[in-house]
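Morning, everyone. I have one structure to walk through today. Let me put it on the screen.

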Amino acid sequence: MPPSNEAIEPSAIDPNNEMGVLDRPTCLELLASTPIGRIAYTTDQHPMVVPVNFAWHEDTIVFRTLEGKKLDAAAEGQRVCFEIDHWNPEDRSGWSVAVIGPAREVTNFAEREQLENIGLVPWAKDKWRPAWIRIQPQDITGRMLR
């Protein structure tokens, strides 16, 4: 049953909060600070956004996956968007970082072996995710609400 209108409080604009642009070093620091992000890609002519656990490794984003649409997008070298964020409802502050660049499946044996040793274990353990995807950043932007 949906909540009643009485239970929903609209968020008022706080005139004390400001939106700011994050510099590249801060964006890189934030990318290294969180284990969950969202990858946006196109599948069957439709946009798709899904969460993944990832690592910021050697100035790229890497994550594991199964066969499927994410792997297909990477195999095509699709340009994707990867986003991380944080929101604090108590003081109404937060930040987001977006990374845009081509995704590719990691097929080189030595590169795969190196990634196997970085300690990135899939959070969804129903099936092991043997494939690796790497996103090479071409553009990194960030915003902060303070």
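This is a predicted model: local features need pLDDT of at least 70, side-chain atom pairs count only at pLDDT 80 or more; totals for chains, interfaces and linings use all residues.

How exposed are Cys27 and Cys81? Cys27 is buried, at a relative accessible area of 0%. Cys81 is partly exposed, at 27%. The label follows from the cut-offs: buried means under 20%, and exposed means over 50%.

Next, the nonpolar core. The largest one has 26 residues. Which residues have the most contacts inside this core? They are Ile39, Ile61, Phe82 and Val97. Now the elements. Those giving two or more residues to the core are helices α1 (24-31) and α2 (69-75), plus strands β2 (36-43), β3 (46-53), β5 (60-65), β6 (79-88), β7 (93-105) and β8 (131-135). Which of them gives the largest share? That is β7, with four residues. In general, nonpolar side chains in soluble globular proteins tend to be buried together.

How many aromatic pairs does a search of the whole structure find? The answer is one. The pair is Phe54 with Phe82: ring centres 4.8 Å apart, planes at 70°. Planes over 60 degrees apart count as edge-to-face, so that is the class here. Phe54 sits in the loop between β3 and β4 (55-57), and Phe82 in strand β6, so the pair ties together parts 28 residues apart in sequence. Both Phe54 and Phe82 are buried.

Strands β3 and β5 each supply at least two lining residues. The most comes from β3, with four.

Last stop, Arg146. Where is Arg146 found? In the segment after β9 (139-145). Arg146 is partly exposed, with a relative accessible area of 48%. Arg146 and Asp91 are 55 residues apart in sequence, yet their C-alpha atoms are 8.4 Å apart in space.

That's the tour. Over to you.

Terms used:
Residues are numbered from 1 along each chain as its sequence is written. Side-chain values use heavy atoms; hydrogens and water are left out. A nonpolar core is a set of buried Ala, Val, Leu, Ile, Met, Phe, Trp, Tyr and Cys residues joined through side-chain atoms within 4.5 Å. Buried means under 20% relative accessible area, exposed over 50%, partly exposed in between (1.4 Å probe, protein chains only). Rings of Phe, Tyr and Trp (its six-membered ring) pair if their centres lie within 6.5 Å; planes under 30 degrees apart count as stacked, over 60 as edge-to-face and the rest as tilted.
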